[in-house]
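Q: Could you walk me through this structure while I have it open? I would like to go piece by piece.

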Amino acid sequence: MHAILRTSAAFLLIGTNASAGVTLPAGQRWDAESRTFNGEDRSLVGGISFSVEGGSYAAFRDQFSWISTPSVGDFQSAVESAFAAWTTVDPTSGLASAFSFTPSLSTSVVTGPSFGTVRFEGAEIDIVASDAGTNGLLGLTTVLGFGVPVTLTSGVANYTQSAAIQAVDLHINNNPGAVYSLNAFRRVLTHELGHAIGLGDVDQGGQFIDDNYDSSSPVSTLNNSWAGLVDPLDPANSIGLNNYSISPSIFATTGIDLLMESNGLGVGASNPLSNLFPLTNDEYGMRQYLYPSLVAVPEPGSSVILGLTLLLGNLRMRRKRT
Ligand SMILES: [Zn+2]
């Protein structure tokens, strides 16, 4: 089951942190502060704009081979579900998404000549059909960065433990031998959108943020929620989170089905291909790390609404306990 989907990222999206005293990777993020490049918005302001090659869902659909060609409406719904998966409320922590996506299909996509290339023109995320030269169901997302600090979604300006994303070209393989089901297409796109907002592959070695990873019990320690431990005002110095180097083979363990696994895209019994919201606690944690939200949605039936003051109070308490 894990063999059918593959993807990769051309760049290591989580950068190494050179600053003394900082234990967690810096990361690349879209800037919460208005930023323009060549007259185009390149920030979270107005939502992260995206367009598809061909300028319409019908034209984009028709660039791929299908087991059973979906209707335009079903294809559009699959694309929209891939975006919605990243902006849904984290069901475990209750943390909301601090960003949104905005379709801009009238913007013509601009990319380089081959699979995985990137140009800054076009929408903020250009989604293109591109021949990878193999018949794998896969994508390749490339990210251009400004190399300058960002304003965090929590309002912290000039956050130096990060770098602003300038443009993304998200390629999905349209080799004639790559024949998609709608579910497989949606999963590939959902995974690649993770790269488009700054997440890396979890199984490519190197840096992995977690609270309690233990190689002797990977299923329980990689599946628990840690989004609430992220310090919204300084994610790279969150107390209780650490940077782990985890063997790629760990992610083949039964019961570990993370969307951001490059090998298999987390498809497994605990995260089936039909899952419309395939983010796990790990991806929700990384979303909170890159785009810290100060908004927690109350449990059903609760009248408690977390405000900034209360949330900060909780963080101080957590520091004292640690
Ligand atoms: Zn990937």
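Q: Which residues of α2 are buried?

A: In α2, F75, A78, V79, A82, F83, A85 and W86 are buried, where buried means that 20 or more other C-beta atoms lie within 10 Å of the residue's own, exposed means 12 or fewer, and partly exposed is in between, with C-beta atoms placed from the backbone. Helices (H or I, at least four residues) and strands (E, at least two) are DSSP runs, numbered from the N terminus. Please keep in mind that this is a predicted model, in which local features need pLDDT of at least 70 and side-chain atom pairs count only at pLDDT 80 or more, while totals for chains, interfaces and linings use all residues. Residues are numbered from 1 along each chain as its sequence is written.

Q: And what do the buried residues of α2 pack against?

A: They pack against α1 (57-61), β7 (101-103), α3 (182-196) and α5 (281-290), with a contact counted when two C-beta atoms, placed from the backbone, lie within 7 Å.

Q: How do the axes of α2 and α3 cross?

A: The axes of α2 and α3 come within 9 Å and cross at roughly 35°; axes are lines fitted to C-alpha atoms, for helices over the stretch in contact, and angles run from 0 to 180 degrees between N-to-C directions.

Q: Let me zoom in on L182: buried or exposed?

A: L182 is buried, because 21 other C-beta atoms lie within 10 Å. Leaving aside its neighbours within four places in sequence, L182 is in contact with P70, D74, F75 and A78. The C-alpha atoms of L182 and S68 are separated by 8.3 Å, although these residues are 114 apart along the chain.

Q: Changing topic, how many residues of β8 are buried?

A: Six of the six residues of strand β8 (residues 125-130) are buried, with I125, I127 and A129 on one side and D126, V128 and S130 on the other.

Q: Which strands does β8 run parallel to?

A: Strand β5 (residues 48-52) is joined to β8 by three bridges and runs parallel with it, and V52 stands opposite I127 in β8. Strand β10 (residues 163-173) also pairs with β8 in the parallel sense, over six bridges, and there I172 is the bridge partner of A129. Pairing here requires that DSSP finds at least two bridges between the strands.

Q: Where do I find residues with a positive phi that are not glycine?

A: N158, with phi near 55°, is one of them, and L265, at about 55°, is another. N158 is in the loop between β9 (139-145) and β10, while L265 is in the loop between β13 (242-244) and α5. N158 is exposed, because 11 other C-beta atoms lie within 10 Å, whereas L265 is buried, with 30.
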